[in-house]
Amino acid sequence: MDQLSKFLTKNPVIVVAMFFFTFFATVAGLLVSWDVLYKDYLSHTVTIPIWFTLLVAFAIFFGWILYGTRRRKLKDAPLELIADKLFGVERVLTSGKKFVSCKFNGTEIVIDGQAKIGFESCSFINSRFTFAGAAAQTMAVLSGMYRDPSFQPMIDETFQNVKSGDFSISPSPSGKRER
């Protein structure tokens, strides 16, 4: 059963077919029962035009789909290469970028955890890392845990593993390994 489930959810043709089947079945059900539904319920309880309500519902639904697709593409996109650039006293967003032979002088380097980042042969003078978004939440959780003495050895071990490059990466709920 598990293999069947994986096959059905991983096969894009089946996923798209299921979406359209569900969508058209819902539309057909609404069309068939529209007269009764509208006369008995909607005309008495909804004070805004029903066409407007449906338009907003469809806009939210398709907006949600487009937003999810955009986030997935950003996460999986190749890194933008930035080479041989000098950064001064400024804020540099790092998401989705790879910095090669760059110089950071007094720069605030922002890590938000939205996408992969990379640094290669860069120099840092009076610069600092700051965290936003998911990365800031992770740092806040680690900081909060470290305040509890029972967690301190585990957090110390985690940072030792980060220093050595030997840290575990849990699989995401979708089954893919994230980095």
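## Exercises on a parallel sheet and its aromatic pairs

F119 is partly exposed, with a relative accessible area of 30%, where buried means under 20%, exposed over 50% and partly exposed in between (1.4 Å probe, protein chains only). The model is predicted, so local features need pLDDT of at least 70 and side-chain atom pairs count only at pLDDT 80 or more, while totals for chains, interfaces and linings use all residues. Residues are numbered from 1 along each chain as its sequence is written, and side-chain values use heavy atoms, with hydrogens and water left out.

**Exercise 1.** Work out in which order the strands of the open sheet lie, and which strands form its edges.

*Solution.* Begin with the strands, which are DSSP runs of E, at least two residues long, numbered from the N terminus; two of them pair if DSSP finds at least two bridges between them. The open sheet has 3 strands in the order β1-β4-β7, with parallel pairing. Its edge strands, each pairing on one side only, are β1 (80-83) and β7 (118-120). Next, look at β4 (residues 97-100), which is joined to β7 by 3 bridges; here F99 stands opposite F119.

**Exercise 2.** Describe two stacked aromatic pairs, F19 with F23 and F99 with F119, and state for each ring whether it is buried or exposed.

*Solution.* Rings of Phe, Tyr and Trp (its six-membered ring) pair if their centres lie within 6.5 Å, and planes under 30 degrees apart count as stacked, over 60 as edge-to-face and the rest as tilted. The structure holds 17 such aromatic pairs. In one of them, F19 and F23 are stacked at 6.1 Å centre to centre, with 15° between the planes. Both residues belong to helix α2 (residues 12-45), where they are 4 residues apart, about one turn of the helix. F19 is partly exposed at 31% relative accessible area, and F23 is partly exposed at 25%.

Now take F99 and F119, which are stacked at 5.2 Å centre to centre with 15° between the planes. This pair links distant parts of the chain, since F99 lies in strand β4 and F119 in strand β7, 20 residues apart. F99 is buried, with a relative accessible area of 0%, whereas F119 is partly exposed at 30%.

**Exercise 3.** Find which residues make up the largest nonpolar core.

*Solution.* Such a core is a set of buried Ala, Val, Leu, Ile, Met, Phe, Trp, Tyr and Cys residues joined through side-chain atoms within 4.5 Å. The largest has 8 residues, namely I82, F87, V92, F99, C102, F104, I109 and C122.
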